[in-house]
Amino acid sequence: MSDKIFMSEILTTDELKDFGIIANASIRTKEFYRIQKIISDIYLKTKEAIKLSKGPFYAEIYDERGKLIASCANSVVEDKCSICHAEINAIMEAHKKIGHYSLANRNLTIYINAEPCMMCLGAIMWSGIRTVVFGVQSKDVEKITGFDEGFKPDWINEFKKRGIKVFGNIESEAGKEILKDYVLSGKEIYKPRR
């Protein structure tokens, strides 16, 4: 996908779908290339975080001018806390930096190496973040890691109803390889027992 050259200035959801991209909104081609680059960079940061016994998930939050607001790995095992997902950690860091309970007036985008789980979707929605960009889809995360992503019926359209844009399945093959390497390394994967 990264070597594909788009001819139009604005990519519609149908055009994106033709290339395997999940989207609930159109996007400028230039902006799409920018989000591809950020996701590719997040994959590199995910690898580095794994070396530091974090992960295998990573999230960053940027403002509309492209300024990095928060950058965090998953720290569930390290912090011994089930809610320390990368998205939650990044949202908490963004709230601290901005100094307010709502991030809505900042027009923020969260970038994640994998589709948010059920818990993180709620946190994203209530935080005021306006755009979600992710790499690997939940079905692949579950297949590779065994982590239960939770039930998320029609979440992408529900986000659209709430004015939250979603772009996913970005450079996902690279993301899947990182998850596979994590599993093969034997590092612990958080899986609550039922």
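Modeller: Happy to! Ring pairs link Phe 134, Trp 155 and Phe 159 into a cluster; rings of Phe, Tyr and Trp (its six-membered ring) pair if their centres lie within 6.5 Å, with planes under 30 degrees apart counted as stacked, over 60 as edge-to-face and the rest as tilted. Please keep in mind that this is a predicted model, where local features need pLDDT of at least 70, side-chain atom pairs count only at pLDDT 80 or more, and totals for chains, interfaces and linings use all residues. Residues are numbered from 1 along each chain as its sequence is written, and side-chain values use heavy atoms, leaving out hydrogens and water.

Searching the whole structure gives 4 aromatic pairs. One of them is Tyr 62 with Tyr 111, edge-to-face at 5.4 Å centre to centre and 90° between the planes. This pair links distant parts of the chain, as Tyr 62 sits in strand E4 and Tyr 111 in strand E6, 49 residues apart (helices, H or I of at least four residues, and strands, E of at least two, are DSSP runs numbered from the N terminus). Tyr 62 is buried, with a relative accessible area of 11%, and Tyr 111 is buried at 0% (buried means under 20% relative accessible area, exposed over 50%, partly exposed in between, with a 1.4 Å probe and protein chains only).

Trp 155 counts as buried at 7% relative accessibility, and Phe 159 counts as buried at 4%.
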